[in-house]
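Hi,

Here's the structure I promised to pass on. Have a look, and then read my notes below.

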Amino acid sequence: MKQEEALRMVNISKYFPGVKALDRVTFTVNQGEVHALVGENGAGKSTLMKILAGALQPDEGEIYLEGEKVFIPTPQSAWERGISIIYQELNLLPDLNVVQNIFLGREHRGRLRVLSYSTMIREAESLLARVGVGIAPQTMVRNLSVAQQQQVEIAKALSLNAKILVMDEPTASLSETEVEKLFGIIRDLKSKGVTIVYISHRLEEVFRIADRVTVLKDGKCIGTYSIGELDRDKLVKLMVGRSFSETFPEKAKETGPMVVEVRNLSVPRILKNVNFSVRAGEIVGFFGLVGSGRTDLAKALFGFYPHYSGEIVVKGKTVKLHSPQRAIAEGVGFAPEDRKSEGLCLGLSVKDNCVMAVLDEMRSTFFLNRRRETGLVQKFVADLRIKTPHFYQRVQNLSGGNQQKVVLAKWLATRPDFLIFDEPTRGIDVGAKQEIYHLMRQLASQGKAILMISSELPEVIGMSDRIYVMHDGAIVREFGWGERVDEERIMYFAAGLHVER
Amino acid sequence: MVTLIQRILRGNPTLFFVYVILFVFFVFAASTAPQFRTVYNISNLLRQAVAFGIVGIGQTIVILSGGIDLSVGSLISLAACLTSGIMIGNPTLVFPIVFLVLGIGVLVGLTNGTLVAYLRVPPFIATLAMSAILQGSVLLYTKKPVGGVTRGFMFFANGQLGAIPFAFVFWVILLSFFLFLLRRTGLGLHVYAIGGNQEIARLSGIRVSVAKVAVYVISGFMAALTGLFLASRLGIGDPLMGQGFELESITAVLIGGTSLAGGKGGIEGTIAGVLIIALINNILNLLGVSGFWQWIIKGIVVIVVVAAYKVKE
């Protein structure tokens, strides 16, 4: 049976500074199917969908809707063509009610252009009924659960007569029963002829809901398969598996005493019973997909979640990490994922950023001691080979790799025993990556305990002495010293495929 | 009527809270000062409230959109001085002057709005600069109270409809109009949406810049109207009479539960905020408390009320 083609995106390319986010991707969706789009973090799924939604413009390529070539310059023009996208971070206004949100910008007007709420409420009720939920149309969105807000977004999409509905990680923050409900809604929409593009990391969901699957990897389209041709292992293999081009420093030969031990660490709705340890001299890798809680774990260890339960032992002493200040005092350093907003003050100089975490030590009575500051900065600029014309250069003018080194200097200044790196090589070029890898290994061999979070599988495998895999806020697998590990095995657990259906 | 009020209050606990405060202040005033309970005093209080009340409506709408208008104080002074300074007791000039002054208000608002919406000048800075320009202009025009209005024009602020001040009736009409504008028109909804999240508003196809300009135009118009009102009330325009109105109006808006970040609150709360401030002024005057204490007490009330909102969140 030949199905009608709803959408065809041909040879779509998109460049961001320094990265080719999409490389001649072709993506075809049939009328009335549920089409899953899968791939690792950063594979280009969201970029592709933003192009479809008119939020980004492609640098190359063409889009055809029902065989007709179209341009989608704005989100509005996407709606007009029947394309709606429900982003992961929902786009509703919390202080308006459901009706106002559904019809925002397209309100029904009555006489004298006065808003006719009675008509809108009636229509909203029928839309919500089509979605199959009983939400009162005049409820403030603020008072709805995430799942309900998502249902409102679906209703909004229906009000736009969506023919193609894109859902970006719709189940990321839903409970089990809410996921069931969502799947019910999706099947129902499908039976009414709506085409659905379903982006998800959770492969078990893909097998349950999708008719066909397209796999993206590193901005390239690997292929489109009907769900019958695939099994879990095959899909995982398609998603990962690439040629190793990077070389990594040699791994640790021996490790020292236990530096950090975490027992039953839980944060309500974020982390579930996390147990792990890191020894002096080793680099422990954490891998997880978006929403797995890997960054939350790092933040918990750095005092972001004061209401955690469980025990954190640093160098044999149980500590209460209720604030970043406490964490620093206990010898924890944290190089965050988003270096530009969380790691550095971009408008300040290399020197100011380096001394930021140790200002107390730089002070003699009231004033900062310029000589002490300069001494410290000099040492780190030399040790880490930070390339900067002078110490007073604003860090925003440095390259990504050198910025990352400044972050590193900032934390090394606190003389930590335990260093957390969240995505240490994100957005930096290959040469600088190598340098960062060697620095990390060097620090480990100097006796620091290092926890590295990364969503790049080769990096996790190449750098880590041991690997923990996270899924849904919990550690689901540990790969110990010398244990055989490959990308597929890790992805298998990270995608939650070990959980029996 | 009662059920409508119930519905509004149930949907909005903040509003309930601010009206309780108003009620408490009222009971306190009525029980401590016997002079408070006179018809004369109450109508005087309402007149006082109207001055803040008119400019407060405009300020509420600007703040709902995520902006702020600091130019209203000087605009009020300018409007009042032009009114009395040109009129000088000539009845044939009343209507042309009203149009002129309101037109100037609209023009000032248009300028503020253009600066904010199209040139992306932060509202705080655009309107602060505008305030300085207007204050300078009015002081170039006159350095002391100037001219005078006609007896007929004084009816606007001082006239009575039976026991009720005409000005209060006028305010109620204005309130109804702008309540309707905010709750039942596209512009009103868009103001809330822009204040809530400008990007979402833009992506929903709302013409954000147009709405922003409209908001400052409304505020400028209302400030000019307040200037007319004050000239009518005192019979003469003073180049400094609007001083403090920008802050008092913002105070009333905040007490009324509108969020300074925008997108949340409304004129319903500002009404109570305006009445609370008028009550505080009035009762402290009656008790013979110095004006400086009034500042201190108003400052404390703002801090307490806004902190209470934040804690409740």
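How many bridges join strand E3 of chain A to strand E9 of chain A? There are 4, and the two strands, residues 34-38 and 212-217, run parallel. (Strands, E, at least two residues, and helices, H or I, at least four residues, are DSSP runs numbered from the N terminus.) Along this pair, A:His35 stands opposite A:Arg212.

Before going on: this is a predicted model, where local features need pLDDT of at least 70, side-chain atom pairs count only at pLDDT 80 or more, and totals for chains, interfaces and linings use all residues. Residues are numbered from 1 along each chain as its sequence is written, while chains are lettered from A and ligands numbered from 1 in the order in which they are written.

Now the sheet. In chain A, 6 strands make an open, mixed sheet in the order E6-E7-E8-E3-E9-E10; two strands pair if DSSP finds at least two bridges between them. At the edges sit E6 (83-86) and E10 (220-226) of chain A, each pairing on one side only.

Helix H6 of chain A (176-191) packs on the sheet, touching E3, E7 and E8 of chain A, at about 150 degrees to E8(A). Angles run from 0 to 180 degrees between N-to-C directions, with axes fitted to C-alpha atoms, for helices over the stretch in contact. Helix H8 of chain A (232-239) lies across E3, E9 and E10 of chain A, at about 30 degrees to E9(A).

Finally, the chains touch: 15 residues of chain B and 15 residues of chain A take part, a contact being C-beta atoms, placed from the backbone, within 7 Å. On chain B's side, H9(B) gives the largest share, 5 residues.

Cheers

Key: Two residues are in contact if their C-beta atoms, placed from the backbone, lie within 7 Å.
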